[in-house]
Amino acid sequence: MQTRFTAKQLSDPDVAHCEKILRSCVHCGFCTATCPTYVLLGDELDGPRGRINLIKDMLENDRPATDEVVTHVDRCLSCLSCMTTCPSGVNYMHLVDHARAHIERTYRRTFEDRMMRALIAFVLPRRRLFALSLAPARLMRPFLPVLRRIPGLDRLAAMLALVPRRRGGSRPSMRAGTTLAGEGFPAGRVIVMQGCVQPALNPDIMRATVDMLVRHGHEVVIARGEGCCGALAHHLGRKEEALRAARRMIDTWLGEVKRAGVDAVIVTASGCGTTIKDYAHMLREDPEYAGKAERVRALAKDVHEFLEERGFGPTARETGLRVAYHAACSMQHGQKIRKAPRALLEVAGFEVVDVPEGHICCGSAGSYNILQPEIAGALKERKIANIERVKPDLIATGNIGCMTQIASATSIPVVHTVELLNWASGGEMPPVLRRGLASLEQGAEKSTAQVRESAAAAG
Ligand code: SF4
Ligand code: SF4
């Protein structure tokens, strides 16, 4: 694609980077067919090619964002399905990230929109505050039908609808500053990242990850001083907040590296992993942090990626359960981790079934399901229908956002993949599965006896 930026515009490294991306797009439109919002809405401007044109026009003309640009960029999930499809290697992620920051700088949103975004940016990244907010949010759930009818409160209702009905997890969160010695032959030393939202919604994911790594011989560190990785702020276009969060994580992790050495930083939420692996790009113009960010990028591993590299096993149990693996967009499109989760589940003895339209987002997408509840709701229904079509005993995925989104609309148990791997390799059965066995017993496809047998054999 031809561009017409001036030399002055190109002296801005962000604009220069965007120009390179724009020039790599050949306008073929292959990406539109796999874009969830184009598939749903059928508007060229709600597909990647249309958005690229809008962003190009805005940047070339050095214009503040218009209502039209904001409408269509806001509707983008940042699912990055378009990047998987694109034959020309267009880095849509960096382009839309820059567009969001430009919008944030140049566009005045409505009062309601500003309040909602400020609320998300303030509460969700603060682990304790978010955990505290869950109890009153649960109390408000019965008023959801009323809230949905009040103009301007639909997003608040969407946020409350995502709050799980019961407190997540069977065990408390792990304490920062904890170090657990590996069992058996020493395999290395790793940090397991806690994150912000995940420990409050489901501390069992962290426990399962740590238990499994310890059993596999790894010394595990829960680093003190971590916060949010910055992904939430980044996707809201709040560049400086995102960079502050990134620097804090980098300082925390490299402090631990300096203290006793670390082989990897293990990430269990693929949404966070995609951003952490992009730190080197985000901080490339920061002379103090560019090199450090590159070191962290090299250390960051999704837990599936790490297990695939280091080896997983031995498998202690054959469960025989039928698992629908939902590939989070940030896993399959953002980090290009496609085979490992499925392969690990198969090694662990599960029957893994593909979900039709597996490349299409479930509608979670960070805070998208709060900010764009209608599109997110339509995508969720589509995802659930596709999952239920393959009649699984349970659903596994590697991202807390997808888990929350999917679990809010189905009675099929939803677990993090790592909870299944931990269970199959000698750890505890995922609590949600234990509870879900009762509903499985009522299922027609698998007899109660079979399920009980599988669970009993698995412990
Ligand atoms: S990131 Fe997803 S929603 Fe956005 S343009 Fe690409 S495919 Fe469409
Ligand atoms: S597939 Fe790639 S090159 Fe083709 S229009 Fe989409 S982004 Fe541009």
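Let's settle one term before we start: Ala, Val, Leu, Ile, Met, Phe, Trp, Tyr, Cys and Pro count as nonpolar, Asp, Glu, Lys and Arg as charged, and the others, Gly among them, as polar. Keep in mind that the model you're looking at is predicted.

**Exercise 1.** Find out which residues come nearest to ligand 1, and how the shell around ligand 1 divides by class.

*Solution.* 
- Step 1: Pick out the shell. There are 13 residues around ligand 1, and Cys35, Pro48, Cys76, Cys79 and Cys82 come nearest.
- Step 2: Ask which elements give two or more residues to this shell. They are helix H3 (36-41), helix H4 (48-60) and helix H6 (81-85).
- Step 3: Sort by class. You get 9 nonpolar residues, 3 polar ones and 1 charged one.

**Exercise 2.** Now do the whole thing again for ligand 2: which residues are closest, and what is the shell like by class?

*Solution.* 
- Step 1: 14 residues surround ligand 2, with Cys25, Cys28, Cys31, Cys86 and Val90 as the closest.
- Step 2: H4 and H6 are the elements that give two or more residues to this shell.
- Step 3: The class count comes to 9 nonpolar, 4 polar and 1 charged.

**Exercise 3.** Find the residues that touch the most other members of the largest nonpolar core, then follow the contacts of Val267.

*Solution.* 
- Step 1: Start with a general idea: in soluble globular proteins, nonpolar side chains tend to be buried together.
- Step 2: The largest nonpolar core here has 129 residues, and Ile191, Val192, Val265, Ile266, Val267, Val323 and Leu420 touch the most other members.
- Step 3: Zoom in on Val267. Leaving aside neighbours within four places in sequence, Val267 is in contact with Met193, Cys272, Gly273, Ile276, Ala300, Lys301, Asp302 and Val303.

**Exercise 4.** Describe the side of domain 2 that touches domain 4.

*Solution.* 
- Step 1: Get the bounds from the domain assignment, which puts domain 2 at 111-162 and domain 4 at 312-458.
- Step 2: Count the contacts: 8 residues of domain 2 meet 7 residues of domain 4.
- Step 3: Helix H8 (111-123) and helix H11 (154-162) each supply at least two residues of this side of domain 2, and H11 gives the largest share, 6 residues.
- Step 4: By class, this side has 6 nonpolar, no polar and 2 charged residues.

Key. Residues numbered from 1 in each chain as written. Chains lettered and ligands numbered in written order. Predicted model: local features only at pLDDT ≥ 70, side-chain atom pairs only at ≥ 80, totals over all residues. Near = placed C-beta within 6 Å. Helix = DSSP H or I, 4+ residues; strand = E, 2+ residues; numbered from the N terminus. Core = buried A, V, L, I, M, F, W, Y, C linked by C-beta atoms within 7 Å. Buried ≥ 20, exposed ≤ 12 C-beta atoms within 10 Å, placed from the backbone. Contact = placed C-beta atoms within 7 Å. Domains from an automatic or database assignment.
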